[in-house]
Amino acid sequence: LGEAERAATVAAHNGLAAALRRLKERFPPQGRLAITGHAHIDLAWLWPYAETRRKARRTFHTALRLIERFPGFVFNQSTAAYYAQVEADDPDLFAAIRARAEEGRWEAIGGLWVEPDTNMPTGESLVRQALYGQRYFERTFGRRHSVCWLPDCFGFSPALPQILRQGGMDSFFTIKVNWSETNRFPHDLFQWEGLDGSRVLAHTFDNPIEGYNGTIRADCVLPTWRNFRGKTMHDESLLAVGFGDGGGGVTPEMLERQAQLADFPALPELRPARVEEFFGRIRERAAVDELPVWLGEIYLELHRGTLTSQGRTKRLNRQAERALLAAEVAGSLATLLGGPAFASLEPAWRGLLKNQFHDILPGSSIREVYEDAERELTAARDAGLDRQAEAMAAIAASLPNGGTADALVVVNPDLSPRPLRLELEGEAVAPDLTVPPLGVVVLDRAALQPAPGLSASWSTTGSRLENRFLQVEIGADGTIARLLHKPTGRDALAGRGNQLWLYPADKPRSWDAWDVEADCDRQGFELTGLEDTELVEDGPDRAALRLVRRWRDSTITQTLTLWANAPRLDIHTRLDWHDRRVLLRALVPVAVRAETASFECAFGVVRRPTHRNTSWDQAKFEVPGHRFADLSEPGFGVALLNDGKYGHSALGNVLGLSLVRAPIYPDPLADEGVQDFTYAILPHAGDWHEGGVREAAEDLNQPLLALPARNLAAGLHTPLMVSGIKAALAALKPAEEGGGLVLRLYEPAGARGTLSITMPEGWRLGEAVSLLEEPAPRERTHDLEPFELRSWRLRPER
């Protein structure tokens, strides 16, 4: 353009801006949006983690250039793991980020190590997300964070509010609740109350243009404000803007358009904001106590298939969790017995926590991601097993010598009594003995005798396994024809148990690895044919019947196992799977009538309806659960336990467990090949809590630890004792700083009562601490209240 044309263009622009400003005086802004620059970076998804490292560096360099160019621009980025990786990969970039963070222009946010799935990790894994995330942020940025930033997770555990509060976070942000396909989540500004009564301030926004990857356009900001239902309680909603999922973040065009829209009439006022400042403003200006309250889990009515896809990764996650937790307990018991102080297992935990990211553990990533995940989870598990071996050797070295030449040192890493049930060098050991909570017992191996009453028989028309707890009759088709619970005299089943059903219509409308459709079961059928049956073990400690089924190109081998001293029937399953887009489920009709079923979650249980009265009930046809699901009526119940599955159902009197899916996108070979897992049927007296269901599930998932030894004195050692209310162990671990140990307990069922902790000689019970292992004042009546999580420092007196 020539000078005249250029001048005319500038004059036209200025004239338009002036006209818009005059129009804005007549039609002032409607509402207000706090704009936070953001780049959602999936740690892995349609690319492997190695590419994410490069994505993060490119995105962060872009954000820093925009901060230089646009004075009001504020950028937020969550995930401690990203900062740790940049710190290692590009120290100059990390230093520049820290400098901008000190100015308030770069907001490191979130408080967690990664943005994890929250349905499947155990409660202690969620604790470590906060512990190691907040410690990293404080060490490198000089401050912790008060907002949990989880825009893209597939539902939220009811344990999360308590974990966040004890981890220094009083506010919570997400978007995914808006994706529910049946019912609209009723709030976007509310208090979220967890299992124990802890509350966090929660906010979400409904942006129709790419959700949390928003942009700055009239057709984005105006509907976001219009959709904000909390505007009668607060005058501002948040809006995160920037390209995301694969990173990228904010562009110059977005920020230039923000300046242009400032002149437009009737649009919401847009202001750059820090996320923590946005939540702080709500607390200052809104009557938080008058906000609506959402109690319990936030269930996403979508992406239910993520509870089952990529089964090998899910079971490795469970194994790694249990291995690390048991390793810390064993090491702590060794320390309490006078052995060495063991170092923190944070490096191994970091590997586990990384792979609990919300697109890795749910099974929604490409093949390369699971090659990495299986390798890294195996390493985390093996680190736990190696520490267990070191701790067991230290325990044995601390025990008194004596006359038991062929001794067996057994450790109970749990807070409930455990039957002595072991497999040593391929041989089953099931005497009529119990190991006390956190107990260390030295036994004479030669004196161990199997518990009485085990028997087994097999024929082509039916088989039987029996001990003093159960009588199990297996039909010719391999299903359980009868399961008699001898202590109560009750038949546990209302039909054939362990029916295997196939659903070849597991082809969702979209999101193949993510979704299971509500009508998937309409085209299901039972797999009834048996290729082979064999009694493979016939006592005296254990009896087992192996069943082999084939369907198309896949083989299902199940070994029904009854230990001499066990009240449950174990069903070890080996899948050699070579079929695509077929859901396999186990169904167990039980002789129990109940309107709700109980499903274990992090640090407690969720009770969900067994009926489909409302649309909210109907949407919960596949739900998350950890180690058990239970149906109970007064006096009796039946539980379905597992050691690595998460997708459950309970409809009427039928408990269901999803075993494999094998979707084709984004990984065309998901669940291909061999995977092993065990589930179990446990009839019991009383409800799930009275009947010891959680304890039996712990026993299935984490066997007792055992070490052969020589010339020790037989006897029992209990270096740490907990009495009073029936509590569960979350962790017994080395303190991260300052020496000593940390004991963490939780109430698992909704009860309250007194608690007593007895320390060994030379140790004292220190102060109550938070999840961040700092003194935590507490004002409650009872020592432990419903679903409460409590921690203490244990300190040596010397």
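**Close-up views of a predicted model**

**View 1. Surroundings of S649.** S649 touches R585, F599, F621, E622, V654, L655 and G656, leaving out residues up to four places away in sequence; contact means heavy atoms within 4.5 Å. The model is predicted, so local features need pLDDT of at least 70 and side-chain atom pairs count only at pLDDT 80 or more, while totals for chains, interfaces and linings use all residues. Residues are numbered from 1 along each chain as its sequence is written, and side-chain values use heavy atoms, with hydrogens and water left out. S649 belongs to strand 34 (residues 647-651); helices (H or I, at least four residues) and strands (E, at least two) are DSSP runs, numbered from the N terminus. With 9% relative accessibility, S649 is classed as buried (buried is under 20% relative accessible area, exposed over 50%, partly exposed in between; 1.4 Å probe, protein chains only). The side chains of S649 and R585 make a polar contact of 2.7 Å. A polar contact is a pair of N or O atoms within 3.5 Å; within protein, one must be able to donate a hydrogen and the other to accept it, and residues adjacent in sequence count only if both atoms are side-chain atoms.

**View 2. Surroundings of Q310.** Q310 sits in the loop between strand 10 (293-295) and helix 10 (311-336). Its relative accessible area is 2%, so Q310 is buried. Apart from neighbours within four places in sequence, Q310 contacts G363, S365, R367, Y370, D667, A670 and D671. With D667, the side chain of Q310 forms a polar contact of 2.9 Å.

**View 3. Interface of domain 1 and domain 2.** The chain is divided into domain 1 (31-302), domain 2 (303-398), domain 3 (455-701) and domain 4 (720-797), with bounds from an automatic or database domain assignment. M120, Y132 and F154 supply 22% of the area that domain 1 buries against domain 2, more than any other three residues. There are 2 salt bridges between domain 1 and domain 2, a salt bridge being a side-chain nitrogen of Lys or Arg within 4 Å of a carboxyl oxygen of Asp or Glu.

**View 4. Salt bridge of R627 and E600.** The side chains of R627 and E600 form a salt bridge of 2.7 Å, N to O. R627 is in the loop between strand 31 (623-624) and strand 32 (628-633), and E600 is in strand 29 (residues 596-601), 27 residues away in the chain. R627 is buried at 7% relative accessible area, and E600 is buried at 4%.

**View 5. Salt bridge of R229 and D188.** The closest N and O atoms of the salt bridge between R229 and D188 are 3.9 Å apart. The pair links distant parts of the chain, 41 residues apart. R229 is partly exposed at 29% relative accessibility, whereas D188 is buried at 4%.

How values were computed. Buried area = accessible area lost by both parts, 1.4 Å probe.
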